[in-house]
Amino acid sequence: MPELPEVETVRRGLEPVLVGQRFVSVEQRREALRFPFGTDFAERLEGKCVRTLSRRAKYLRAGLSSGESLVMHLGMSGRFLISEKKSPNSETLGDYIYETHADTKHDHVVFRMSGGRTVTYNDPRRFGFMLVIDDREFDAHALFRHLGVEPLSNQLSALHLAEKACGRRSNLKSFLMDQRIIAGLGNIYVCEALHHAQLSPNRGASCLADRFGKPTVRAERLVHAIRHVLTAAVKVGGSTLRDHRAPNGDSGQFQEAFAVYGRAGAPCPRSGCRGTVKRLSQSGRSTFYCSGCQR
DNA sequence: AAAAGCCCCTGGACGC
DNA sequence: TGCGTCCAGGGGCTTT
C-alpha cells in the first residue's frame, strides 16, 4: 500500500489516538514480521507515554517518554485499525474492544491505549515491521542513515537532484525510486510525478544536471511535479488500491486522480495530448507513462 | 560504487 | 469449484 501520502494519512489518523496516551498493554502475536520485534518489545512499550508521532520517509516514529522510539513500517500491506472502548474510565483489559473484522488472522500487534482505544496492526504479507530503538541511536541506525531528503521539505531542490544525478547511469524511474536520493516515493508517485513533469521514465537521470553539474530546467520541473503530486495525494488521504485505509476506516481518493498509474491502454489525460498510456517493466516493476507527452 | 536481480509473504484476479 | 500463473504499493541483501 503505502508510499509517503498513505503513510502520512495513517500518521494523521493515529496521532490523536496515540499522542499523550500510555500503552496499557501490548500484545505481540508472533515472533517476527519482516524482522524480529527484538527482545522485550512489549515490555519496552507498556507503561510508556507517547509524546510525538512523526513520519520519516515511509516510516512512522512514536517518540516515547522513556527516551526510546517505536518505529513502524507498513511494508506493502500493513494497516492500522482503531476500536473505541466500552468504558472510557476503566483500564481493565476486558473493557477494551477488539473489533472483529474479516481478516483477524493477520492481526499481528494489538495496542491498548490509556485513552481507551485499541490500535491493531494488520498485515497479510508481513513485509512491515516494528522495533523499539534508543532515540540517541536513531539517526545513525542502519535503516535511516542513508535515507535521502524528504520530498515535501525544502531540502528537495533542483540543485539536490542535479548533484545526485551527476554522473549517474540509471534512468529517471530508478533514480526516483532510490530512497537514498529522495525518501518516500514509490512506484505510483514516481510514475505520476514523471507524467506531470512530462519526462520519460526511460530518460537517463543525468539529464537533471548540465555539463557543469548545475540543475537543468527538467530538474526544476521534476521538483515541482513531485511536490504537486504528493501534496494533492496527501490532501485526499492517499490512494486506495487494495488495502490502504486511514485508521478511521476511510479509504483514500487519489487513485481517482491517477493520470497514468494502472491505466495502460487508456488515453493520456493531458489536455491536447493524443497519446496512450503504456506499461513497461523497469528493474522488475511496472512503469506507466505516456510516450506522447513524456520525453 | 552503482546497478540489476532475487527474495521475503500472502491474496486477489484471471485463464482454463 | 479448483488449480496454476501472474501480479502487487517495499526494501534488504547478494551478485555483477
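Gln198 follows helix α5 and has a positive phi, near 60 degrees. Helices (H or I, at least four residues) and strands (E, at least two) are DSSP runs, numbered from the N terminus. The model is predicted: local features need pLDDT of at least 70, side-chain atom pairs count only at pLDDT 80 or more, and totals for chains, interfaces and linings use all residues. Residues are numbered from 1 along each chain as its sequence is written, while chains are lettered from A and ligands numbered from 1 in the order in which they are written.

Helix α5 spans residues 187–196 and is mostly covered, with nine of its ten residues buried. A buried residue has 20 or more other C-beta atoms within 10 Å of its own; an exposed one has 12 or fewer, and a partly exposed one lies in between, with C-beta atoms placed from the backbone. Among the buried residues of α5 are Tyr189, Cys191, Glu192 and His195. The cover over them includes α1, α4 (172–177), α6 (217–235) and β10 (285–290).

Chain A is assigned two domains, domain 1 (4–137) and domain 2 (158–290). These bounds come from an automatic or database domain assignment. The domain centres, taken over C-alpha atoms, are 30 Å apart. In all, 16 residues of domain 1 are in contact with 19 residues of domain 2; contact means that the C-beta atoms of two residues, placed from the backbone, lie within 7 Å. On the side of domain 1 that touches domain 2, α1 and β5 (79–83) each supply at least two residues. Helix α1 gives the most to this side, with nine residues. By class, this side of domain 1 has nine nonpolar, three polar and four charged residues. Ala, Val, Leu, Ile, Met, Phe, Trp, Tyr, Cys and Pro count as nonpolar, Asp, Glu, Lys and Arg as charged, and the others, Gly among them, as polar.

One open sheet has four strands in the order β2-β3-β4-β8, paired antiparallel. Two strands pair if DSSP finds at least two bridges between them. The edge strands, β2 (50–56) and β8 (129–134), each pair on one side only. The twist from one strand to the next averages 20 degrees. Six bridges hold the antiparallel pair of β2 and β3 (residues 59–64). Within this pair, Thr52 stands opposite Gly63 of β3. Helix α1 (residues 4–18) lies across β2 and β3 and runs at about 180 degrees to β2. Axes are lines fitted to C-alpha atoms, for helices over the stretch in contact, and angles run from 0 to 180 degrees between N-to-C directions.

Another open sheet of four strands has the order β1-β6-β7-β5, again with antiparallel pairing. Here β1 (23–28) and β5 stand at the edges with a single partner strand each, so one side of each has no neighbour in the sheet. Neighbouring strands are turned by 15 degrees against each other on average, direction ignored. Strands β5 and β7 (residues 118–122) pair antiparallel over five bridges. Phe80 stands opposite Tyr121 in β7. Helix α1 also lies across β5, β6 (107–113) and β7, at about 35 degrees to β5.

Strand β9 (residues 277–282) is joined to β10 by six bridges, and the two run antiparallel. Lys278 has Tyr289 of β10 as its bridge partner. Two residues lie between the strands of this hairpin, where Ser283 takes a positive phi near 50 degrees.

Ser283 is also among the residues that surround DNA strand B, as are Arg125, Arg126, Arg168 and Arg169. A residue counts as near the strand if its C-beta atom, placed from the backbone, lies within 6 Å of it. The surface near DNA strand B has two nonpolar, four polar and four charged residues.
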